[in-house]
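Notebook open, structure up on the screen. I'm jotting things down as I look them up.

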Amino acid sequence: MSMVVTDPPLVRFGRFLRDNPVIPLVVFLFVLVAVLEIMRPGIVTPFRAGRDGVISTFWLGNLIKFAIPLAMLAACQVLTMLTAGIDLSAGIVATVAAFVCATLSSIWGVGPAVATALLAGLVVGVVNGIGVGLVRVHPLIMTLGTGLIATGVLQVYQRLVINAGSEIPGFLTWLGTGRTLAMPNGLFLFVPFALFIFWLMRFTGFGRLLFALGSNENAAKLSGVRAWQVYVALYALSGVIAALAGLLYLGIIRQTSLSLANPLMLPSVAAAVIGGTSIFGGRGSYAGAIVGALIIRVLDTMLTLMQMPEGARTVLFGLIILAVTAIYVRITGSR
Amino acid sequence: MSGTQLLDATGIAKSFGAVRALTEASLHVSEGEIVALMGANGAGKSTFVKIITGALRPDSGTVLIRGREARVGSPAQARRSGLVPVYQEPSLIPDLDVADNLRLTDTPVEPFRRWVEELGIRRLALSDMIGDLPLATLRILDLARALASAPDVLLLDEMTAALPTDLVERVLKVMRQKADEGMGVIYVSHRFGEISELCDRATVLRDGMSVGDLKIEPGVEDRAVELMLGQKLDLAARDIHKTRGTTGDRPRMRVKGVAIAPKVSDISFDLFPGEVLGVVALEGQGQDELFECMAGFMPPRAGSIEVNGVAADFRHPADAIAAGVKFVPGDRADALLAQRSVRENIALPFSARIRAWGGLKLRHERARVAHAIARLQIDTRAQGEVQRLSGGNQQKVTIGRWLATGVDTLLLFDPTRGIDVRTKRQIYPLVRELAEQGASVLFYTSELEEIPLACDRAVVIFNGRVVDIIDAEVADEQTLLRAAYGLVAQEGAA
């Protein structure tokens, strides 16, 4: 029928990039780090500045520490986006979980507090799943709505516990701020978590169904998939992940507030999109989202170093995310 | 007949990555000429059509329209230079009404109306929503829209597939008439009947190359098939081994007095183990709804369906699948995950139930998928995504999905629509083989000549009712056609 011919190296290279979309992202990450080093010599390679090593483990550790909660929230976005959905309640769920945990720890003890925090995430997630899967509300609207409701409930809850005071569980502080071999302890949570997400997406029936629903829901139905079951499980999982990310973030920030993790919300969507996950469903990679989270963190550092006013920083941040996504889409030919 | 050259495509080549879809394809159309473009599965027909109509750019070669080099860069440009395509899938926007769709392409309304009537569609209002109209009507509207823009060259790509016979006749008549007025027509089709009735010449593609230009004359079919396949083969699948279904047994599936809004009023028949039961119907007689109902997509309004003597109350396709009833829909796009691999597509039903949501049993899956691929002879060189496969291979994937899980009852809705002769010839024996192994197959086809080839009996549906059940063995096309039109069949069979 058709013959197979050998293509010129450039074409093959292009196809290689298409099949391995994480590679250009990693390259871009290194370019950004190089720019950072040029802007502020010594921040990445303190050896030249006469400090502790070839690469600053302090800088690297910090970068990873702050990228972890972002990457965890990005998991919520990657998983839901695979089905052409989104979870806009993730940031608020993380905040709620952190607040609940901090306030309940001093009353009920750490164990029940953590369990209640995760349960709160599960409840919001299940409601999202029922709305999306059974009532067929668009995920954008559904999760926006539950997010707003959760914010309101949190404010009411705050009045109830106003005198209880707050306490941040020791192991969360250890996870959030402690270091082992110069690397943040958060990796003890994150590495198994990331491996679980990879496994879930690539090697489980559930993962297959996420891709299937995002590619062609009708084909999935025809094959006997009851979509609502998948949606309920998916958004419930997303809620629990968001709550877990909130707990870790609590350990990192060591403060409670009514909007603790909310600023991570849109960057988590950005990390997923930069990482090559299609908002139209059926295409996505968690490795890409992790690199996306690192890229966002490096960009953040860069913009902070430039000492720009907050407004200009936000504008520039938005522009850079758009540019990165556009270039990335051009390179990989994906959407 | 032949005057000025309208379209001259010469030496067209196109590669996708490492796969060369076209190496040297050429096509010429003169004024007043109707040229068939033929080719087996994967010969490069679709790529060639896309290049001629400007949807793809060729790597090399030229496309001249009226002798002028047309750097056809986009479908809109091709349209302006006088070449208008009509595809198998209507290109009308479902959420707009007819008038708005015309406005989108700047189509004059009056000529459009005239053509719609000429092509045999009555009762069409410009305010009808496209999404509410049946597929056959949409095809005709698409064609009328193309004609209304007074094209120099009209390209029809499998336009008559699944069109009811009376509309096909009209289309052919109008084409002939326009050609006499000087229009050129490129007719992409698998149907020899229509080609020999309509066309002046046929250009045959094989492996991305034009391998022959045939004058249409008696016996041209054999020569064309020879060229398409690159070897001599019997055209008809006469040698298919048929054993009769054991109709004496308890029926596998019993449809009793089923009514489905709005088209189906009263359908009853039994489907026995080991038989292939054909469904003969013109477009829109309720067969779409019948299949969807039997597959669990919608409940019947009245009547009942039994599987193995037990009342089946399907609320979801999952229920039908659990009862062993598997459905292959008419539109491949409905059934496939276009961006996913062949393996994932075939293995999709394995993961459907909650208890299979955990870790994949990859070894088991690979074995079953490999078995289905081998049995159907699916060409999987385009490993990556199902959308890169040819139409015939895609269709095999939708069937292979159910072979991999095991089949009791298979509902095949027009499985050979728009696919090439070679793939068709693989599908009939497969259907027979399934029946021999004890499966029941309900087989609707829009091409009547397939009924005696593949089926034991055929149930004839007209206007939402069963009007006849006939022995497929003795049914010739004329008998079937008369029956499909609701005429008494005895006369033809006698």
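Predicted model: local features only at pLDDT ≥ 70, side-chain atom pairs only at ≥ 80, totals over all residues.

Leaving aside neighbours within four places in sequence, which residues is Glu33(B) in contact with? I get His28(B), Met183(B), Gly184(B), Val185(B), Asp200(B) and Arg201(B).

**Entry on Glu33(B)**

I looked up where this residue sits. Glu33(B) is in a loop of chain B, with strand S2 (19-30) on one side and strand S3 (34-39) on the other. Buried or exposed, I wondered about Glu33(B)? I found a relative accessible area of 11%, and buried means under 20%, so Glu33(B) counts as buried.

Next I checked what its side chain does. One of the residues on my contact list, Arg201(B), has its side chain joined to that of Glu33(B) by a polar contact of 2.7 Å. The side chain of Glu33(B) also reaches the backbone nitrogen of Ser30(B), at 2.9 Å.

**Entry on helix H4(B)**

Then I moved to helix H4 of chain B, residues 109-118. Which of its residues are buried? I noted Phe112(B), Trp115(B) and Val116(B). Looking down the axis of H4(B), I saw the buried residues fall within an arc of 105°, so they line one face of the helix.

After H4(B) comes Gly120(B), with a positive phi near 90°.

Technical notes: Residues numbered from 1 in each chain as written. Chains lettered and ligands numbered in written order. Heavy atoms only, no water. Helix = DSSP H or I, 4+ residues; strand = E, 2+ residues; numbered from the N terminus. Buried < 20%, exposed > 50% of the residue type's maximum accessible area, 1.4 Å probe, protein only. Polar contact = N/O pair within 3.5 Å; in protein donor to acceptor, adjacent residues only side chain to side chain. Contact = heavy atoms within 4.5 Å. Arc of directions from axis to C-beta.
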